[in-house]
Amino acid sequence: MRGVVMHTAGDVRVEDREDPRIIEPTDAVITLTATCICGSDLWPYRGIEPADHQVMGHEYIGVVEEVGRAVETVKAGDFVVGSFVISDNTCEICQAGFQSKCVHAEFVAQTVGTQAEKARIPHADGTLVKTPGTPDPELYPALLAASDVLGTGWYAAVAAEAGPGKTVAVVGDGAVGLMAVLAAKQLGAERIIAMSRHPKRQELARYYGATDIVEERGDAGVDKIKELTNGLGAHSVVEAVGTQESFMQAVGATRGGGHLGYVGVNYDVQIPGIELFFAGIHTLGGPAPVRRFLPDLIDRIWRGEIDPGKVFDLTLPLEEAPEGYKAMDQRRATKVMLTL
């Protein structure tokens, strides 16, 4: 089969890879119908994470080709959406709603690599969720978004306790930040402030429910949020970038007693303990337990209640994946879908 391999930073190739096969009785092999490039894939692309002939990709939808003898919830022919973290969905941590920290957790990006024609998915019962039927191709982008960015944005909004009567501020206008805006709207937030300097992303943020746009960053961004909230700060803040400036901006924008949901990958972020101490806020974040939300998100997509697929603004065939990486690295694209 064909699949994406990152040889080293900036060197992405589409190559022949070994076809996957059932190894454990809990495995499933799926034929992918679509996959995509994530903002987190840019970390190794830019040399921030090591990459040495690394298989790439962790977002995926497709049709089950074969299952191991212990798999019960999906069968050959089912159309499925999978989480970007493998989980059994039965351990104590999974049952508490944190499937990304399952006792069997492993990142699809590091082990499976779903920017490919096929994939072996371990713990299929706990990782894959089948759709109510075979979707029309028009639904592929929306369902693909549920595999990571929608679920991650949703988790961030839930962690920030977005809801009725709340003002939500979203730091970051990439795909996850935009999905957090969508989630905050769906969760009933009264006011949603998107922090963005990118006109097209501002437009999409408003489509998904943003009521205000703030272009300022850093301390100026914090001051603007406080100006819009009677000097108090937002009830709920989502951090969806992962840089020093964005994280401290998010901390500063959260009112005392408020909630910060952080899902940006925090490389080299140093949080001054004294600032966090005196902020007096709740914090929750980390790798999103997408599997917790998948059944509900698939249902909302299937019923036409939400359309997260609009976050994809460039579609390329799998063979052109290197161009997709360049487009996202240069911010010419928010998120790239790869077709098969």
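View 1. E319 is partly exposed at 43% relative accessibility, a class that lies between buried (under 20% relative accessible area) and exposed (over 50%), computed with a 1.4 Å probe on protein chains only. The model is predicted, so local features need pLDDT of at least 70 and side-chain atom pairs count only at pLDDT 80 or more, while totals for chains, interfaces and linings use all residues. Residues are numbered from 1 along each chain as its sequence is written, and side-chain values use heavy atoms, with hydrogens and water left out. The side chain of E319 forms a salt bridge with that of R2 (2.8 Å, N to O); the term stands for a side-chain nitrogen of Lys or Arg within 4 Å of a carboxyl oxygen of Asp or Glu. This pair links distant parts of the chain, 317 residues apart: E319 sits in the loop between β17 (314-317) and α13 (321-329), and R2 in strand β1 (residues 2-8). Helices (H or I, at least four residues) and strands (E, at least two) are DSSP runs, numbered from the N terminus. R2 is partly exposed, at 24% relative accessible area.

**View 2. The salt bridge between D11 and R13.** The two side chains meet at 2.8 Å, N to O. D11 has a relative accessible area of 24% and is partly exposed; R13, at 38%, is also partly exposed.

**View 3. R303, D299 and their network.** A salt bridge joins the side chains of R303 and D299 (2.8 Å, N to O). Through shared partners, salt bridges connect D296, D299, R300, R303 and E305 into one network. D299 is partly exposed, with 34% relative accessible area. The count of salt bridges comes to 18.
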